[in-house]
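Please look over the structure shown below before reading on.

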Amino acid sequence: INGTSLFELAALAPGASNDITNYKAVPVGGDTSVSFTGQRTAHNVFMVDGGENYDRGCGGCVTTAPSTEGIAEMRQLTSNYGADYGLSSAGTVTMVLKSGTNKFHGSAWEINRNEAYDARNYFFPKSVQASKQKLRWNIFGFNVGGPIVKDKTFFFYNMEWRKYLEGGSSNVTVPDTATYGGDFSSAPTINVPSAVAPSVL
């Protein structure tokens with residue numbers, strides 16, 4: 001899933017379609033445009049640990065986007081689900097966060113994208129290959145969990161950072177430098193056929 005986006009993860013359900021253009025899995029600015037069985041994307045509801053995770057004033061936005069590394073279980077309910085999930089007329093996406101246990105556990109991760117791994121733009125000549133469009137995307141974080149009071153109280157902590165840098169590029173045709181001095185000999189010429197006067201009978 002591109003960008004570890006939980007919305008693209010939800011879109012993997014049968015009967016789901018999406019036009020996600022922003023794959024950044026953040027609550028503000030993240031693209032939640034996933035349609036389940038043809039229903040409106042703004043009519044979905046997201047739930048975390050049984051609680052509603054939905055910004056009702058935004059029309060389909062979530063209030064928080066958990067890290068996919070901190071999610072233990074995720075389900076997409078698309079149709080014919082029980083009345084206990086009656087908050088929406090479209091899909092219901094439920095998430096359960098990981099929790100601590102009687103033993104300490106931890107993990108760390110990093111997802112790295114870099115233009116050094118990419119091919120050059122097909123429309124750019126090889127002479128400008130060194131100036132490939134920058135793409136620096138690092139997603140890294142850690143989980144840690146364990147007991148506070150054995151068999152009674154546990155803790156789980158998840159932290160994730162995102163660093164994103166995307167450069168722009170353009171490929172345009174510019175005039176020859178001689179044209180700036182008034183020499184238009186190198187400019188392309190267009191042959192326009194002359195008008196032919198109609199014959200008079």
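With which residue does Glu73 form a salt bridge? The partner is Arg75, and the closest N and O atoms of the pair are 3.9 Å apart, where a salt bridge is a side-chain nitrogen of Lys or Arg within 4 Å of a carboxyl oxygen of Asp or Glu. This is a predicted model, in which local features need pLDDT of at least 70 and side-chain atom pairs count only at pLDDT 80 or more, while totals for chains, interfaces and linings use all residues. Residues are numbered from 1 along each chain as its sequence is written, and side-chain values use heavy atoms, with hydrogens and water left out.

**Salt bridges**

- A search of the whole structure finds three salt bridges, among them the one between Glu73 and Arg75.
- Glu73 is partly exposed because its relative accessible area is 41%, and Arg75 counts as partly exposed at 37% (buried means under 20% relative accessible area, exposed over 50%, partly exposed in between, with a 1.4 Å probe and protein chains only).
- Arg136 forms a salt bridge with Glu115, with the closest N and O atoms 2.7 Å apart.
- That pair links distant parts of the chain, since Arg136 lies in strand E8 and Glu115 in the loop between E7 and E8, 21 residues apart (strands are DSSP runs of E, at least two residues, numbered from the N terminus).
- Arg136 is partly exposed at 30% relative accessibility, whereas Glu115 is buried, with a relative accessible area of 11%.
- The side chains of Glu160 and Arg162 also meet in a salt bridge, at 3.2 Å from N to O.

**The open sheet**

- Four strands form an open sheet in the order E4-E3-E6-E5, with mixed pairing (two strands pair if DSSP finds at least two bridges between them).
- The edge strands, each pairing on one side only, are E4 (51-52) and E5 (71-77).
- Strands E3 (residues 45-48) and E6 (residues 92-97) run parallel and are joined by four bridges, and Met47 has Thr94 in E6 as its bridge partner.

**Two residues and their surroundings**

- Asn138, which lies in strand E8 (residues 135-149), makes a side-chain polar contact of 2.9 Å with the side chain of Glu110 (a pair of N or O atoms within 3.5 Å; within protein, one must be able to donate a hydrogen and the other to accept it, and residues adjacent in sequence count only if both atoms are side-chain atoms).
- Thr101 lies in the loop between E6 and strand E7 (105-114), and its C-alpha is 5.8 Å from that of Pro147, although the two are 46 residues apart in sequence.
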